[in-house]
Amino acid sequence: MDMQDIPDTDPQETQEWLEALDGVLKQEGAHRAHFLLEQLVDKARRSGAYIPFSANTAYINTIPPQLEEHSPGDAEIEHRIRSYVRWNAMAMVIRANKHTNVGGHIASFASAATLYDVGFNHFWRAQTDTFGGDLVFVQGHSAPGVYARAFMLGRLTNEQMDNFRQEVDGKGLSSYPHPWLMPDFWQFPTVSMGLGPLMAIYQARFMRYLKDRGFLEAQGRKTWAFMGDGEMDEPESLGAISLAGREKLDNLIFVINCNLQRLDGPVRGNGKIIQELESDFRGAGWNVIKVIWGGYWEPLFMRDTKGILLKRMAECVDGEYQTFKSKDGAYVRKHFFGKYPELLEMVSTMTDDDIWRLNRGGHDPHKVYAAYAAAMKHTGQPTVILAKTIKGYGMGESGESQNITHQQKKMGTSSIKAFRDRFAIPVPDDKLEEAPYVNFPEGSPELKYMHERRQALGGYQPARRRKAEPLEIPPLSAFETLLKASGAGRELSTTMAFVRILTMLVRDKKIGKFVVPIVPDESRTFGMEGMFRQLGIYSHVGQLYTPQDADQLMFYKEDQKGQVLQEGINEPGAMSSWIAAATSYSTHGISMIPFYIYYSMFGFQRVGDLAWAAGDMRARGFLLGGTAGRTTLNGEGLQHEDGHSHLLAATIPNCVAYDPTYAYELAVIIQDGLRRMYQEQEDVYYYITVMNENYEHPAMPEGVEKGILKGMYLLREGKSKKNAPKVQLLGSGTILREVIAGADLLEKDFGIAADIWSVTSFNELRRDGLDVQRWNMLHPEAAPRVSHIETCLKDREGPVIASTDYMKMFADQVRSFLPTHHFHALGADGFGRSDTREKLRQFFEVDRNYVAVAAMKALADMELVPRKKVTEAIKKYGIDPEKPNPTTV
Ligand SMILES: Cc1ncc(C[n+]2csc(CCOP(=O)(O)OP(=O)(O)O)c2C)c(N)n1
Ligand SMILES: [Mg+2]
């Protein structure tokens, strides 16, 4: 039963208890009262009473006025600054949309202006030589407010402001925070709702990891994350809050701008988003600070001795609160206070304007300051500030508190005029329509104040660091054992080869300590459990128990200095950890080398949007898609067998993806990745698939390193009698081995010479090919450039047949660079299923037999062999021509 539903069967007794509590509160204070109440509840529970936990407090500010810390700032100057920022943020959207239709948002920042202003003026410390800086996740579509302030500080020009959302010519400003587009300014992309909150939690956790491992000093740095109340609908927004609570991340502060609206309408019209979030966060172990009411309400609270005002505030739902602020003081008097005669009486001496002025907490800089100050001091828990505001604050009839406000990019002249008057902006009537920017002149107290405040906090924000000290990368020879043949009968998978490489890397004197192995509860799947003991699993509190396997060599060791991040069954969290590590060069000036290994199916498909954000953030690190391939992970079936992660990887412009077959290829790829990302500091990241099929690995042939990196090299030259037809066979990953077997069949059964090419990256071949094609199109009279794949195949005879463990589209990517070759791609299209590898490869038509048949058919099409030879091959290899297409069964 809800508290409100329990009837008061003995009001006099209730009164006595309340008076007793009042006495304690007055004489001994809130802490003592809290203690006694907890004792009472505890006693009742121990006596067998069922008293369900309520995580909610009253619908009032968490910090009572007498405990508010006061801002040392000059409130009047700050008000003027904030007013100008508001105006410029609005003006840049209006101006950009006068002659274009690029869009933008006014209402969100209008509701959040005070929340940002107080942070910029008093709390957010910049990165300096001696201080690491606070990390601030700005709500994506509040970006205009941040630009407006930067403009007033002289960090952005008039021209840039006018080119808001017009980036192509290089003088514009990004629609939202995008490090890819403004690499010196924005640190964190946030506009895909939910990713900001999730990534912020893991940034805070990674900051602590770096401190616990001795990379950073304890400086009291904070991660601040701003988000909308509608954004909290995203599972990603709330999905990791228990981790933050459990790990007691007191370096993390969430500010949720509760303007009660999202894009279409109210967030919780029939409820209260602040109360809902309060219980969510409190239940997850957070310190919750509600900033609901502004200072103008205080005289009314003082007179509310019977709690009727509080009762009214508690019963009113968000839908009503929104409607009130879309009307006027008279409406609020009638519909809010008018419900109870006592309340009407309470406001009888107030004018409608006075009633209208009763403000919300998030618009009161004193309340916001007090909340931020309390959050900064709070220890042992992360803090969430739930600030109640008005969406479209100041937009008046053009949108204030209206359901349409989110997408307003234009305002009528009368609204602009009202905005100007409300915030006292010095723009004359005849200029209103063009909404000119306003600035404080050089030498003015306001401009001085703005600069001084930032100087006191170490410098300007936002700001992003592009590079860190390069690392000294081991040469390829460091991986010598992997460059040699594995030896007769010594079979291993590329996953095992990867673990060997990783083990060598963590032992490297120069870079070993920077390596961050990350797993989502899959270490044993990939044979990495040896690292538990060797490196330790990171845990801020160390290990508070004797592990079950303590007597074993490779026991489950948790350690405050542990290097491995074991994220639990949580791919989005593990990916966020990887992003934090992969951007550490920028956020902390320390290049970390994260290797995140997971089931390839639970990679891009599961966390694709985070992978996209990682590209935007210029993340540098390695993603390892383990147990990859539609037919190689054989027994796990439809949900596990990945035949498309490479195609998804290809969608990310700076993700470099490889599908290697042999240990030496893997070593070459990882060594060069380290060089590119940590020595040359290129803003790319790697996706490498590794498999669980065991086989022998040959020694690296002479001179193939460049080809491996470019995407293909000649593995074996076809040998056959003179004038025999020739084919070019391409393969990647484990299916390369089927291709080799297919070549043997062709030679043995039909006397055909097959050259075999190991294609380590169809994705890279395509990028190179497209680049060359483009250049040639634009330089029609110059000597044409030649792509790597053309260089490899242009003088080679015969059709080209490719087979992979991925969809046909994967190999088909290179088709257009071979205009004169007959090209045929085999691939594993369709839903996977469990069976043996052999059966699966037959089912998906990517095995040796299909390679041979496809080659024969291509030769027949080119009239190099008679058609009946193809039929003969089909028969010989036991293929049923009427077998259904695997994509349809
Ligand atoms: C994943 C995702 N879905 C949808 C959107 C489109 N979108 C942008 S803002 C917005 C509403 C945001 O509401 P809220 O979080 O309450 O922020 P406010 O503007 O009210 O501060 C939506 C749906 C998005 N940016 N990202
Ligand atoms: Mg909102």
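Strand 12 (residues 655-658) is covered on both faces: Cys655 and Ala657 on one side, and Val656 and Tyr658 on the other, are all buried (under 20% relative accessible area with a 1.4 Å probe and protein chains only; exposed is over 50%, partly exposed in between). Strand 12 runs parallel to strand 13 (residues 685-689), joined by four bridges, and Val656 has Tyr686 as its bridge partner there. Strands pair here if DSSP finds at least two bridges between them; strands (E, at least two residues) and helices (H or I, at least four) are DSSP runs numbered from the N terminus.

Keep in mind that this is a predicted model, where local features need pLDDT of at least 70 and side-chain atom pairs count only at pLDDT 80 or more, while totals for chains, interfaces and linings use all residues. Residues are numbered from 1 along each chain as its sequence is written, chains are lettered from A and ligands numbered from 1 in the order in which they are written, and side-chain values use heavy atoms, with hydrogens and water left out.

**Overall build**
- The protein has 35 helices and 18 strands.
- Its radius of gyration is 32 Å, close to the 29 Å that the globule rule gives for 889 residues, so the protein is as compact as a globular protein of that length (radius taken over C-alpha atoms; the rule is 2.2 Å times the number of residues to the power 0.38).
- Along the principal axes, the C-alpha trace spans about 110 × 75 × 55 Å.
- Buried residues make up 57% of the 889.
- Of the contacts (heavy atoms within 4.5 Å) with a separation of 6 or more, 78% link residues 24 or more positions apart.

- Five strands make an open, parallel sheet in the order 1-2-3-5-4.
- Strand 1 (135-137) and strand 4 (287-291) are the edges, each pairing on one side only.
- Neighbouring strands are turned by 15° against each other on average, direction ignored.
- Helix 4 (residues 107-123) packs on this sheet and touches strand 2, strand 3 and strand 5 (383-388), its direction making about 150° with that of strand 3 (axes are lines fitted to C-alpha atoms, for helices over the stretch in contact, with angles from 0 to 180 degrees between N-to-C directions).
- Strand 2 (residues 223-228) and strand 3 (residues 252-258) run parallel with six bridges between them, and Thr223 stands opposite Leu252.

**Magnesium site**
- Asp229 (OD), Asn259 (OD1) and Gln261 (O) coordinate the magnesium ion (ligand 2) at 2.0 to 2.1 Å (donors are N, O and S atoms within 2.8 Å of the metal, or 3.2 Å for Na, K and Ca; water is not among the atoms, so sites may look incomplete).
- Asp229 sits in the loop between strand 2 and helix 8 (235-238) and Asn259 in the loop between strand 3 and helix 10 (273-283), so the pair ties together parts 30 residues apart in sequence.
- Asp229 is buried at 1% relative accessibility, and Asn259 is buried at 6%.

**Nonpolar cores**
- In the largest core, of 171 residues, Ile201, Phe254, Phe337, Trp578 and Phe622 touch the most other members (a core is a set of buried Ala, Val, Leu, Ile, Met, Phe, Trp, Tyr and Cys residues joined through side-chain atoms within 4.5 Å).
- Helix 7 (residues 195-212) gives the largest share of this core, 11 residues.
- Another core, of 72 residues, lies apart from it, with Phe109, Met182, Ala371 and Met411 among its members.
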